[in-house]
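Thank you all for making time this morning.

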Amino acid sequence: MKQKVIIVGTGLAGLASAVRLMNKGYEVVMLDKFHQAGGRLNQLKKEGYTFDMAPTFFSMSYEFDELLKDCNLSPLFQFQELNPLYHVYFRGSRKHYKLFREPEKLAQEFKEIEPDFERKFKKYMEESGELFHDTIDKIVKRNFDNFYAYVWALMSVPPKHLPKLMRTFWQEVERHFDSNEVKEIISLVSFFLGGTPFNTPAIYTLLSYTEFMHDGYHNVKGGMYEIVEGLVRHLKEKGVTFHFNTEIVTFEVTNSGTLESLIDQNGTSWKADLFVINSDAALFRGKVFNRPAFSEKKLNSKQWTMAPFTMYVGIEGKLDQLGQHNYFLGNNFKEYANKVYTSDFKTDKPYYYVNIPSKNNTNAAPADGEALFFLCPVPDLRMIPDWSNKEQFGNEIIRDFEQITGQVISDKIRTKTIVAPDEWETTFNLYKGSGLGLGHTLKQMAWFRPKNVDEKFKNVFYTGASTVPGTGLPMAMISAKLTVNQIVKSYGSLS
Ligand SMILES: Cc1cc2nc3c(=O)[nH]c(=O)nc-3n(C[C@H](O)[C@H](O)[C@H](O)COP(=O)(O)OP(=O)(O)OC[C@H]3O[C@@H](n4cnc5c(N)ncnc54)[C@H](O)[C@@H]3O)c2cc1C
């Protein structure tokens with residue numbers, strides 16, 4: 001007999017779970033509060049310009065291949081490998097650095113500031129590569145049935161990695177490199193996790209290996225939203241139905257401790273045999289299921305990743321000197337990183353990232369224009385609740401961009417949209433506007449992260465950034481796999 005599954009959320013983890021569940025013979029219905037699929041992996045179209053709303057590139061592309069292979073599907077989108085991975089600019093200097101994947105080419109970039117770079121870099125890569133291979137299957141890509149299984153798994157990791165549990169990302173990078181520029185550039189990846197190198201554990205230096213050596217970074221031909229369109233097309237062909245503008249706000253429970261139905265904002269009841277929650281796994285437990293362990297007070301005391309301040313700008317004219325992925329840093333890295341998590345954060349002299357999708361996707365802008373996406377990590381709404389100054393802050397970023405690059409764009413703007421943390425919060429139900437969900441501290445990872453199996457309802461499961469294993473597109477793909485494995489373990493494969 002078919003089992004009906006309702007998936008709450010059409011983010012990447014929700015879509016990938018749907019593909020896997022269909023492949024196992026389940027019937028799937030998808031709901032989302034937003035008006036189109038993708039969650040944070042979304043798209044904004046305005047006046048002839050097309051922007052990826054949030055993710056602009058990703059690592060571990062083989063996690064996508066694995067989904068296709070496991071479900072016997074032909075490619076639904078086409079990857080493009082990046083090299084250089086990105087460009088980094090520093091305020092006050094016209095010199096910028098291109099982050100190539102080859103150590104020899106990288107050494108050329110840094111030859112004036114970091115003597116003996118190639119040797120140091122290879123040693124750093126060797127250590128982060130070993131850490132990656134020693135933990136990815138044992139700790140990251142798996143569920144633990146109980147705490148002892150987690151401890152047992154940790155004990156099977158070679159002890160040489162232990163000191164990394166005691167250090168921060170920055171302390172680890174400091175052991176390998178001398179120049180501030182190189183240390184800052186190498187530790188940028190900790191911002192991709194939504195933290196800073198000063199509060200991210202050194203175990204995440206394994207990400208340096210994934211970005212430079214293992215699989216690099218990738219874009220998608222035609223823009224990142226092709227991923228969502230490819231998955232949705234496939235799911236619709238298989239008979240999955242989608243219901244947008246539908247927000248789950250409460251629930252009905254049967255006597256036996258199973259969930260009977262979820263109720264949306266209009267009072268419509270959505271019944272199913274099983275439920276997969278792709279909405280934030282901590283927030284949903286607190287706000288919808290009213291669980292004391294996820295009360296507002298408890299949620300507030302957790303560490304959340306930074307909030308995004310994003311701006312989507314379509315200009316007239318080309319920016320030939322810039323790459324597709326560009327980081328703009330100041331000269332006070334440590335001070336800035338330590339304030340970006342506090343209410344002392346100042347909106348002058350920001351650090352930010354600029355993506356120019358029209359560099360590799362001609363559909364992103366008219367032939368005589370360029371599409372620019374500015375992303376500035378800022379404190380979440382607990383620390384800065386008021387974003388009524390968003391226009392002013394946006395102008396500050398544009399002014400800084402013009403000063404660093406020498407390219408004037410403010411008089412060439414044809415379209416501009418700003419999405420501040422309060423809008424990120426309400427659009428996708430992100431706690432206090434936190435862009436990447438729960439932070440990746442030792443107390444909030446693996447066994448300690450909200451589980452993908454509900455504590456009370458045996459027919460409720462979770463997938464996505466705030467459950468295991470964590471945030472980012474490859475982790476969403478792994479999360480979907482882990483969640484569907486849990487469902488199949490309990491309910492079997494029906495195909
Ligand atoms: C600005 C920004 C830039 C990023 N850049 C990158 C990048 O370059 N590379 C990368 O790998 N990752 C990046 N990320 C992270 C990445 O976007 C996320 O980790 C990933 O998309 C999360 O997917 P998900 O499926 O867990 O959740 P989401 O994408 O958040 O999907 C959850 C869905 O659930 C819906 N929902 C929530 N609550 C309800 C409810 N009660 N009822 C109905 N529907 C509900 C939401 O509307 C949403 O569509 C970025 C994130 C941000 C914010």
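This is a predicted model: local features need pLDDT of at least 70, side-chain atom pairs count only at pLDDT 80 or more; totals for chains, interfaces and linings use all residues.

Let me begin with helix α1, which gives the most to the shell around the ligand, with three residues. Residues are numbered from 1 along each chain as its sequence is written. When I speak of helices and strands, I mean DSSP runs numbered from the N terminus, with helices being H or I of at least four residues and strands being E of at least two.

Staying with the ligand, there are 36 residues around it, and those that come nearest are Gly9, Gly11, Gly39, Ser279 and Gly464; a residue is counted as near if its C-beta atom, placed from the backbone, lies within 6 Å of the molecule. The elements that give two or more residues to this shell are α1 (12-23), β14 (307-316) and α17 (473-491). By class, the shell has 18 nonpolar, 14 polar and four charged residues, where Ala, Val, Leu, Ile, Met, Phe, Trp, Tyr, Cys and Pro count as nonpolar, Asp, Glu, Lys and Arg as charged, and the others, Gly among them, as polar.

Now, how is α1 itself placed, buried or exposed? The helix is mostly covered, since 11 of its 12 residues are buried, and among them are Leu12, Leu15, Val19, Arg20 and Met22. Here a residue is buried if 20 or more other C-beta atoms lie within 10 Å of its own, exposed if 12 or fewer, and partly exposed in between, with C-beta atoms placed from the backbone. The buried residues of α1 pack against β1 (4-8), β2 (27-31), α2 (62-70), α11 (225-237), β13 (274-277) and α17, where contact means that two C-beta atoms, placed from the backbone, lie within 7 Å. From its first C-alpha to its last, α1 reaches 17 Å, close to the 16 Å expected at 1.5 Å a residue, the expected span being 1.5 Å times one less than the number of residues. After α1 comes Gly25, whose phi is positive, near 95 degrees.

Let me step back to the whole chain, whose secondary structure comes to 17 helices and 19 strands. Its radius of gyration is 22 Å, which agrees with the value near 23 Å that a compact globule of 495 residues would have; that radius is taken over C-alpha atoms, and the globule rule is 2.2 Å times the number of residues to the power 0.38. The C-alpha atoms fill a box of roughly 70 × 55 × 45 Å along the principal axes, and buried residues make up 45% of the chain. Among contacts between residues at least 6 apart in sequence, 72% join residues at least 24 apart.

The domain assignment, which is automatic or comes from a database, gives domain 1 (4-35 + 244-302 + 438-491), domain 2 (43-101 + 216-222 + 306-435) and domain 3 (116-178 + 189-210). The shell around the ligand draws at least three residues from each of domain 1 and domain 2. The centres of domain 1 and domain 3, taken over C-alpha atoms, are separated by 28 Å, and 14 residues of domain 1 are in contact with 15 residues of domain 3. On the domain 1 side of that contact, the residues divide into seven nonpolar, seven polar and no charged.

I will finish with some local details of the backbone. The peptide bond from Asn83 to Pro84 is cis, with omega near 5 degrees, and Pro84 lies in the loop between β5 (79-81) and β6 (87-90). The bond from Val468 to Pro469 is also cis, with omega near 0 degrees, and Pro469 is placed in the loop between β19 (460-462) and α17.

Which residue has a positive phi of about 65 degrees although it is not a glycine? That is Asp116, in the loop between α3 (103-109) and α4 (117-140), and Asp116 counts as exposed because 11 other C-beta atoms lie within 10 Å. Lys349, likewise not a glycine, has a positive phi of about 50 degrees and sits in the loop between α14 (333-339) and β16 (352-355).
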